[in-house]
Amino acid sequence: MEKKRRKRYALLDRDGTIMVDKIYQSDPAQTELLPNALEGLKLLAGAGFGLVVVTNQSGINRGLIQPSELEAVNRRLAEILAVDGVALEAVYYCPHTPDEDCCCRKPMPGMALRAARDLGFDPRDCVVIGDREADVALGKAIGAMSVLVRTGGGRETEAEGKVKADHIADDLKAAAEWMLEKEW
Ligand SMILES: [Zn+2]
């Protein structure tokens with residue numbers, strides 16, 4: 001008998017993966033989705049994936065943006081997605097700089113593990129999608145699938161040749177299509 005499959009989750013990077021990376025963005029009005037990002041999120045949600053954002057935001061502890069500004073940008077993102085019926089289950093951010101050696105700045109697994117605890121999923125039932133080496137490394141760290149997207153800094157990341165992602169996709173839609181095809 002077939003076991004009922006557990007809910008899968010997509011742990012998504014924000015800047016350069018869902019949104020155009022405006023570098024320490026503090027103004028919600030600047031929020032702009034990348035081409036095909038909405039379509040990718042719709043495909044994942046339609047296939048039963050929970051959508052969670054995990055984002056490094058060292059601009060906070062560098063003193064370049066306020067937590068309230070970051071949260072306003074996150075709310076704006078949620079509003080834009082909600083227009084098309086896409087809901088994020090949660091958004092986690094790390095405010096720390098690399099020097100702080102925290103356990104949440106990607107590739108450290110802190111945010112993903114917290115999401116797993118809060119939402120009750122197994123990290124191995126996840127795909128991590130992002131444009132940086134840290135996103136792919138996070139996927140490895142938690143035993144999840146990892147997909148590098150060629151948006152944001154993704155082409156540079158790919159050219160550096162260091163990442164061992166399970167897949168490299170042109171954008172979030174292509175990443176979602178690959179996930180759906182592979183019957184994983
Ligand atoms: Zn942190």
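Strand β4 has Cys 126, Val 128 and Gly 130 pointing one way and Val 127 and Ile 129 the other way, and all are buried. Here a residue is buried if 20 or more other C-beta atoms lie within 10 Å of its own, exposed if 12 or fewer, and partly exposed in between, with C-beta atoms placed from the backbone. Helices (H or I, at least four residues) and strands (E, at least two) are DSSP runs, numbered from the N terminus. The model is predicted: local features need pLDDT of at least 70, side-chain atom pairs count only at pLDDT 80 or more, and totals for chains, interfaces and linings use all residues. Residue numbers start from 1 along each chain as its sequence is written.

Since five of the five residues of β4 (residues 126-130) are buried, the strand is largely enclosed by the rest of the structure.

**The sheet**

Six strands form an open sheet with parallel pairing, in the order β3-β2-β1-β4-β5-β6. The edges are taken by β3 (90-94) and β6 (167-169), each with a single partner strand, so one side of each is left without a neighbour in the sheet. From one strand to the next the twist averages 20°. Two strands count as paired if DSSP finds at least two bridges between them.

| Strand pair | Bridges | Direction |
|---|---|---|
| β1 (residues 9-12) and β4 | four bridges | parallel |
| β4 and β5 (residues 145-149) | four bridges | parallel |
| β2 and β3 | five bridges | parallel |

Individual partners can be named in each pair. Leu 12 has Ile 129 of β4 as its bridge partner. On the β5 side, Gly 130 is bridged to Leu 148, and Val 128 stands opposite Ser 146. A crossover is called right-handed if, with the strands pointing away from the viewer, the path from the first strand over the helix to the second runs clockwise.

**Helix α4**

Between β4 and β5 (joined by four bridges), the chain passes through helix α4 (residues 133-141), and this β-α-β crossover is right-handed. The buried residues of α4 are Glu 133, Asp 135, Val 136, Ala 137, Leu 138 and Gly 139. These buried residues pack against α3 (110-119), β4, β5 and α5 (154-160). Residues are in contact if their C-beta atoms, placed from the backbone, lie within 7 Å. The helix lies across β2 (50-56), β4 and β5, and runs at about 170° to β5. Axes are lines fitted to C-alpha atoms, for helices over the stretch in contact, and angles run from 0 to 180 degrees between N-to-C directions. After α4 comes Gly 143, with a positive phi near 75°.

**The nonpolar core**

A nonpolar core is a set of buried Ala, Val, Leu, Ile, Met, Phe, Trp, Tyr and Cys residues joined through C-beta atoms within 7 Å. The largest one has 49 residues, and those with the most contacts inside it are Ala 10, Leu 11, Val 127, Ile 129, Val 147, Leu 172 and Ala 175. Helix α6 (residues 172-181) supplies the largest share of this core, five residues. Not counting residues up to four places away in sequence, Ile 129 touches Ala 10, Leu 12, Asp 13, Thr 17, Val 147, Val 149, Leu 172 and Ala 175.

**Phe 49**

Phe 49 is found in the loop between α1 (37-46) and β2. Phe 49 is buried because 23 other C-beta atoms lie within 10 Å. Apart from neighbours within four places in sequence, Phe 49 is in contact with Arg 8, Tyr 9, Ala 10 and Leu 44. The C-alpha atoms of Phe 49 and Arg 6 are separated by 10.0 Å, with the two residues 43 apart along the chain.

**The whole chain**

The protein chain has six helices and six strands, following the pattern β-α-β-α-β-α-β-α-β-α-β-α along the sequence. Buried residues make up 45% of its 184 residues. Among contacts between residues at least 6 apart in sequence, 62% join residues at least 24 apart. Along the principal axes, the C-alpha atoms fill a box of roughly 55 × 35 × 35 Å.

Methods:
Two residues are in contact if their C-beta atoms, placed from the backbone, lie within 7 Å.
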